[in-house]
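Visitor: I am new to protein structures and would like to learn how to read one. Could you walk me through it, feature by feature?

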Amino acid sequence: MLTRRHLLTATAAALAAPLGARRLWAASTLTLGEVQIDTLSDGNLVLPGNFILGGMPQEEMQAIVAKYGLPTDQLTPPCNVTLLRDGTNTVLFDVGAGPDFQPSAGKLMEALDALGLTVEDITHVLFTHGHPDHLWGLLDEFDEPVFPNAEHMIGQAEFDYWTDPGTVVSIGEARTTFAVGAARRLEAIAETVRLLADGEEAVPGVTARLTPGHTPGHLAFEIAGPTPAMVLGDCIGNHHVAFERPEWPSGSDQDPDLAAATRVALFDRLASEGHAIIGYHLPEGGIGRVERAEKGYRYSAGA
């Protein structure tokens, strides 16, 4: 059963954010049998439009984005951290940006508090990938893991990429800080982190799925249930051009061509099999479904 709920509406500070971006502490809920999934707001990003939209056919891109009432010079995508509770495990998928990335993000602790949860309650942390808005909330001000009782997991390929000393040289100047920040955080848990392979069960009922391109070892996580669901991370990064033209390369992806091929295949599967989806940067809490459109696909929030 898929339901919608709003625990706490945007604060005055959130309303004052760029372009009026709104933050909902716990935006939506999905129930899969005995499993409850909530999306928790880590705030939002503030990005130059070209970071995502650059390199696309500009005239057609402008028309698509305009349909959604969005500008193309600056985008403020939400950041939805997924929380899964099955009665035994309390699992976070990604940990948000923490305090060191952008002032509009890093709000996960407030969202957990709104649900009456503490950092000690989290039993597992599963990372989709190593970008700042997903990973940089890992450590506290003393460089200790924020979630002290949690087992941390990330894809083997993703861990190897970010901890490779050559990555900071090869990744490109625009993402150098991404590489430095990821390496520092992953090295702090290197002795205890569990490294996942494609198709491996991370916790009961949750399976890692390799979805590369946005980063080399990006993982999505498939959750079993009466209606299966998939935590997407950034393999599907927005609700407009990514859905309508999944074959277009995006500037936000580290390997744009591979990411586009991943999107094309994933959309076909998600639409055919009727999975619920949980998207990190999708609107209204990020829980919804993929529907086929006359050309491409459309995002149906909460459907």
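Visitor: Let me start with the second largest pocket: which helices each supply at least two residues of its lining?

Guide: Before we look, keep in mind that this is a predicted model. The helices you want are α2 (49–53), α5 (132–135) and α9 (241–244). The pocket itself holds about 310 Å³ of space.

Visitor: How many residues line the second largest pocket, and which lie nearest its centre?

Guide: There are 25 lining residues, and those nearest the centre are Phe51, His214, Asp234, Ser252 and His281.

Visitor: Now for the rings. How many aromatic pairs does the structure hold?

Guide: It holds seven. To read such a pair, look at the angle between the ring planes: under 30 degrees counts as stacked, and over 60 as edge-to-face. Take Tyr161 and Trp162: their ring centres are 4.9 Å apart and their planes meet at 75°, so this pair is edge-to-face. Tyr161 and Trp162 are both buried.

Visitor: And what kind of pair do Phe267 and Tyr297 form?

Guide: That one is stacked, with 4.9 Å from centre to centre and 15° between the planes. Phe267 belongs to helix α10 (residues 256–273) and Tyr297 to strand β17 (residues 297–301), so the pair ties together parts that are 30 residues apart in sequence. Phe267 and Tyr297 are both buried. They also belong to one aromatic cluster, together with Phe243 and Tyr299.

Visitor: Let's turn to charges. How many salt bridges does a search of the whole structure find?

Guide: First, the general idea: side chains of opposite charge can pair when their charged atoms come close. In this structure the search finds 13 salt bridges. One of them joins the side chains of Arg245 and Glu60, at 2.6 Å from N to O. Arg245 sits in the loop between α9 and α10, and Glu60 in helix α3 (residues 58–67), so this bridge ties together parts that are 185 residues apart in sequence.

Visitor: Is Arg245 buried or exposed, and why?

Guide: Arg245 has a relative accessible area of 9%, so it counts as buried, because buried means under 20%. Arg245 has another neighbour to look at: its charged end sits over the ring of Trp248, 6.0 Å from the ring centre.

Visitor: Which residues are linked in a network of salt bridges?

Guide: Arg209, Glu222, Arg269 and Glu273 are. Let's follow it through Glu222, whose side chain meets that of Arg209 in a salt bridge of 2.8 Å, N to O. Glu222 lies in strand β13 (residues 219–223) and Arg209 in strand β12 (residues 206–210), so the bridge ties together parts that are 13 residues apart in sequence.

Visitor: What else does Glu222 form a salt bridge with?

Guide: Arg269, with the closest N and O atoms 2.7 Å apart. This pair links distant parts of the chain, since Arg269 is in helix α10 and Glu222 in strand β13, 47 residues apart.

Visitor: How accessible are Glu222, Arg209 and Arg269?

Guide: Glu222 counts as buried, at 11% relative accessibility. Arg209 is partly exposed at 29%, and Arg269 is partly exposed at 26%.

Notes:
Residues numbered from 1 in each chain as written. Predicted model: local features only at pLDDT ≥ 70, side-chain atom pairs only at ≥ 80, totals over all residues. Heavy atoms only, no water. 1 Å grid on protein atoms, 1.4 Å probe; cavity = no way out; pocket = protein on both sides within 12 Å on 5 of 7 lines; lining within 4 Å. Points joined across faces, edges and corners; volume = space filled by probe spheres on them. Helix = DSSP H or I, 4+ residues; strand = E, 2+ residues; numbered from the N terminus. Phe/Tyr/Trp six-rings, centres within 6.5 Å; stacked < 30°, edge-to-face > 60°. Buried < 20%, exposed > 50% of the residue type's maximum accessible area, 1.4 Å probe, protein only. Lys NZ or Arg CZ within 6 Å of the ring centre and 35° of its normal. Salt bridge = Lys/Arg side-chain N within 4 Å of Asp/Glu carboxyl O.
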